[in-house]
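Okay, thanks for having me on the agenda. I'd like to walk you through one model, so let's get it up on the screen.

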Amino acid sequence: MPGCRRQRLPAQAGRRGQAGVDDARVAARLSDRPIVYSPELENIEVELFVQALQRRHGYDFSQYAPASLKRRVQQLAEQLECKTVSGLIERVMHEPLLLPSVLEGLTVPASDMFRDPPMFRALLEKVFPLLACYPQINIWLAGCAHGQEVYSLAILLEEAELYERSKIFATDLSEYALQQAREGIYSTREAQQWSRNYHASGGSRSLADYYSARYKLLKIDQRLQRHVTFAAHNLAADGVFCEAHLILCRNVLIYFSNPLQDRALSLFRDSLVRGGFLCLGLRESLDYASSAEDFSPFDEPMRIYRLSGQPDHLKP
Ligand SMILES: C[S@@+](CC[C@H](N)C(=O)[O-])C[C@H]1O[C@@H](n2cnc3c(N)ncnc32)[C@H](O)[C@@H]1O
């Protein structure tokens, strides 16, 4: 029938067969209906939402920590003005352009330049001198969000005179986050705090040497991208990424269930060279890793671990 669209008529109207009920009146009556919410219902909806996202777009969130995932799905439904999570499912199914906002909402791409300065200082003072013996240094930064951590690392490598022989592979699940990371444009709002973090991390110049500011935005100097490759990689689904001497995956595992943390940590173990370093977020650990015994603590408070075994180049 030309112009015929799927329409949910109220049951009464359907039974009485009221012909000619116009869309506006139907919509008004539907919006008057009380909606039932309950935690159990919402659990079902969140499960269906996760299935819908996976089947429609291929992103699998089924192994994320359930309580925080549910909270983020609910927040997303609210932000997108959906009355229920079921409403969000409908939008995710039929509005592909919504996907970047959905991924942003679910993955929390929050970051900072030189986040946790004592950790960056430990890298600079304790880890970099050991990496300096490699002719080429491969670094995998998993879950790079909008790139602040990538540029922080690049700056410290540059100041330690290691950048020229480094390759940084910066990955994230979200293409949208990667796009922001490639652009390297941030608000100047946090510049002062970032500058303090930079100095607390052992930075020896001025942070302003590494960006140009215009109006309320700062753009990271392109030369810091010379040895950076941005790529999509999903820790829940993809395999080993590169032969790395250093892996940073900070503030990502915290969103995962224990089995998914275990998967990611096994991936890191298999991607590191012997004697390679792994840095986790300060609230993360190897507690749920079946690979835990392959690592030894290098700087436990800073969550820096080292893969056991002698580096190949030091073997007799
Ligand atoms: C809170 S940010 C952490 C950013 C940065 N590492 C830091 O510590 O400041 C978490 C990032 O992990 C990414 N992420 C979440 N799930 C992921 C997955 N399965 N695979 C790869 N990245 C993922 C998100 O897209 C987000 O950008």
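Predicted model: local features only at pLDDT ≥ 70, side-chain atom pairs only at ≥ 80, totals over all residues.

**Two helices side by side**

Let me start with who touches whom. From helix α3, the residues E42, E45, V46, L48, F49, A52, L53 and R56 make the contact, and on the α5 side they meet V85, S86, L88, I89, V92 and M93. What kinds of residues make up this contact of α3 with α5? Ten are nonpolar, one is polar and three are charged.

And how do the two helices lie? α3 covers residues 39–57 and α5 covers residues 85–94; their axes come within 9 Å and cross at roughly 5 degrees. Angles under 35 degrees count as roughly parallel, so α3 is roughly parallel to α5.

Across the chain the pLDDT averages 90, and 88% of the residues score at least 70. The stretch to watch is residues 1–21, where the pLDDT is below 50. Leaving aside near neighbours in sequence, that stretch has nine contacts in the model.

**The sheet**

Next, the strands. There's an open sheet of three strands here, in the order β3-β5-β4, and the pairing is antiparallel. Which strands stand at the edges? Those are β3 (185–187) and β4 (211–214); each has a single partner strand, so one side of each goes without a neighbour in the sheet. On average, neighbouring strands in this sheet are turned by 25 degrees against each other, ignoring direction.

Let's zoom in on β4 and β5. β5 is residues 217–220, and β4 pairs with β5 in the antiparallel sense over four bridges.

Now the turn itself. The hairpin of β4 and β5 has two residues between the strands, and Y215 there takes a positive phi near 50 degrees.

**Around the ligand**

Last stop, the ligand. How many residues surround the ligand? The count is 21, and the closest are T107, S111, G143, A145 and N251. By type, the shell around the ligand divides into ten nonpolar, seven polar and four charged residues.

That's my tour, thanks.

How values were computed:
Residues numbered from 1 in each chain as written. Near = placed C-beta within 6 Å. Nonpolar A, V, L, I, M, F, W, Y, C, P; charged D, E, K, R; others polar. pLDDT = per-residue confidence, 0-100. Contact = placed C-beta atoms within 7 Å. Pairing = 2+ DSSP bridges. Axes fitted to C-alpha atoms, helices over the stretch in contact; angles between N-to-C directions. Parallel < 35°, antiparallel > 145°, perpendicular 65-115°, else oblique.
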